[in-house]
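Subject: Structure for your review, with notes on what was found

Dear colleague,

I am passing on the structure below, followed by notes on what was found in it. Please read them with the coordinates open beside you.

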Amino acid sequence: MTEKHSNHTDNPRVLTGITTTGSPHLGNYVGAIKPAIQASQSSDVDSFLFLADYHAMIKSHEPEKIHQSSMEIAATWLALGLDPEQVTFYRQSDVPEIMELSWILTCWTAKGLMNRAHAYKASVQGNEANNDDADFGITMGLFSYPVLMAADILMFNGQQIPVGRDQIQHVEMARDIAQRFNHHYGPHFALPEAVIDDNVAVLQGLDGRKMSKSYNNTIPLFETEKKLKKSINKIKTNLLEPGEPKDADDSTVFQIWQAFASAEQIADMRQQFADGIAWGDAKKCLFELVNQELAQPRERYAELIADPAAMEAILASGAEKARAVTVPKLAEIRSAIGIRPMCA
Ligand code: TRP
């Protein structure tokens, strides 16, 4: 494999994508963005991080929403300190080789394998529960989305793939597809593995369930300071009065506190709960802690959103770095499958 123009090394390749639907919230920050940025700062890995905008089409057919979400997600990662010099940060749609590989892999993917994908199966089950036709509302995009994800990964020889638990199966499918391909054509693709970080907190939302857009219980990451305060005040608590001891482990306020606080601050707040801190005071402390961490990135975020040309330039240079890998890789794959010039 020749990657003449790239500055990539022999370090293990860590690759992950973010689907560009929705606006980042505190749960995304604690559970995915912050740990990924920290990991990308290590010098013994090569990190590839991309905006999975073609994946967004599986979930949304609203052009403005997809566009807006791409901007917000790019600005979020950059505002929080992702260094585009150190990682390869790109937009999937800027790297057309991925889509070409996706077709090649489609021709190597058993339909039966896709039949078993959880996301697709959940849609079928939903239809059955509603007495609809099993295929109702299911596009080929949804059905074959694990193939596109395999192309995202295999195109870069991604080895370690940090994902949420819901995505483990897709990474295993990518591995399966790579193995079949390699078995027939020779060892062209690295075999990827899902990496799950058990230390990462799954943040609770306003109602105490997992913070998630689908539960409508999120705290947006970069809302104004005033709104952040308001959101934190909306976190559900019980009716215990000031002075009455409170169970820290049964409290969303404390759960979010833990995700932002030092060990010392955690122990201290636990004591304050036992001593009967008023909910209003606990929320005030939480606001201050979260705000302190987010205030500066919030300013950078606002600057980036106001300067889309600067983000576009960063993504263009990311695409250039990415294509230094994908152009030669696709040429290698095409040649392997017999699609090559008629004469040397
Ligand atoms: N499907 C992933 C998600 O919904 C996002 C994604 C797309 C991805 N391509 C990827 C993750 C490749 C890891 C590797 O979360």
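Helices and strands in these notes are DSSP runs, numbered from the N terminus, where a helix is H or I with at least four residues and a strand is E with at least two. The model is predicted, so that local features are reported only where pLDDT is at least 70 and side-chain atom pairs count only at pLDDT 80 or more, whereas totals for chains, interfaces and linings use all residues. Residues are numbered from 1 along each chain as its sequence is written, and side-chain values use heavy atoms, with hydrogens and water left out.

Surface patches

Lys234 sits in the loop between helix H10 (225–233) and helix H11 (252–260). With a relative accessibility of 57%, Lys234 counts as exposed, on a scale where buried means under 20% relative accessible area, exposed means over 50% and partly exposed lies in between (1.4 Å probe, protein chains only). Together with Lys226, Lys227 and Lys230, Lys234 forms a positive surface patch. Patches are made of residues with over 30% relative accessible area and no salt bridge, with like charges joined within 9 Å and nonpolar side chains (Val, Leu, Ile, Met, Phe, Trp, Tyr) within 5 Å. For the charges, Lys and Arg count as positive and Asp and Glu as negative, while His and the chain ends are not counted; the place of a charge is taken as NZ of Lys, CZ of Arg, CG of Asp or CD of Glu.

A nonpolar patch on the surface is formed by Tyr54, Met57 and Met99, which together have about 270 Å² of accessible area (Shrake-Rupley method with a 1.4 Å probe; for residues, only the protein chains shown count as cover). Of these residues, Met57 lies in helix H2 (residues 53–59) and counts as partly exposed, at 45% relative accessibility.

Salt bridges

A search of the whole structure finds 13 salt bridges, each being a side-chain nitrogen of Lys or Arg within 4 Å of a carboxyl oxygen of Asp or Glu. One of them joins Arg298 to Glu225, at 3.8 Å from N to O. This pair links distant parts of the chain, since Arg298 belongs to helix H13 (residues 279–305) and Glu225 to helix H10, 73 residues apart. Arg298 is buried, with a relative accessible area of 13%, whereas Glu225 is partly exposed at 42%.

An α-helix has 3.6 residues a turn, so residues three or four places apart point the same way. Glu288 itself is partly exposed, its relative accessible area being 42%.

Lys65 forms a salt bridge with Glu62, and the closest N and O atoms are 3.6 Å apart. Lys65 counts as exposed at 52% relative accessibility, while Glu62 is partly exposed, with a relative accessible area of 42%. Elsewhere, Arg91, Asp94 and Glu312 are linked in a network of salt bridges.

Helix H3

Helix H3 (residues 63–79) has 17 residues and reaches 24 Å from its first C-alpha to its last, close to the 24 Å expected at 1.5 Å a residue, where the expected span is 1.5 Å times one less than the number of residues. H3 is mostly covered, with twelve of its 17 residues buried, including Ile66, Met71, Glu72, Trp77 and Leu78. Just after H3, Gly81 takes a positive phi of about 105°.

Backbone and distances

Asn131 is not a glycine, yet has a positive phi of about 60°; Asn131 lies in the loop between helix H6 (118–129) and helix H7 (140–143) and counts as exposed at 73% relative accessibility. Asn157, also a residue other than glycine, has a positive phi near 50°. Asn157 is placed in the loop between helix H8 (145–154) and strand S4 (160–162) and, at 10% relative accessibility, counts as buried.

Finally, Tyr301 is in helix H13 and counts as buried at 12% relative accessibility. The C-alpha atoms of Tyr301 and Lys59, which are 242 residues apart along the chain, are separated by 25 Å.

With best regards
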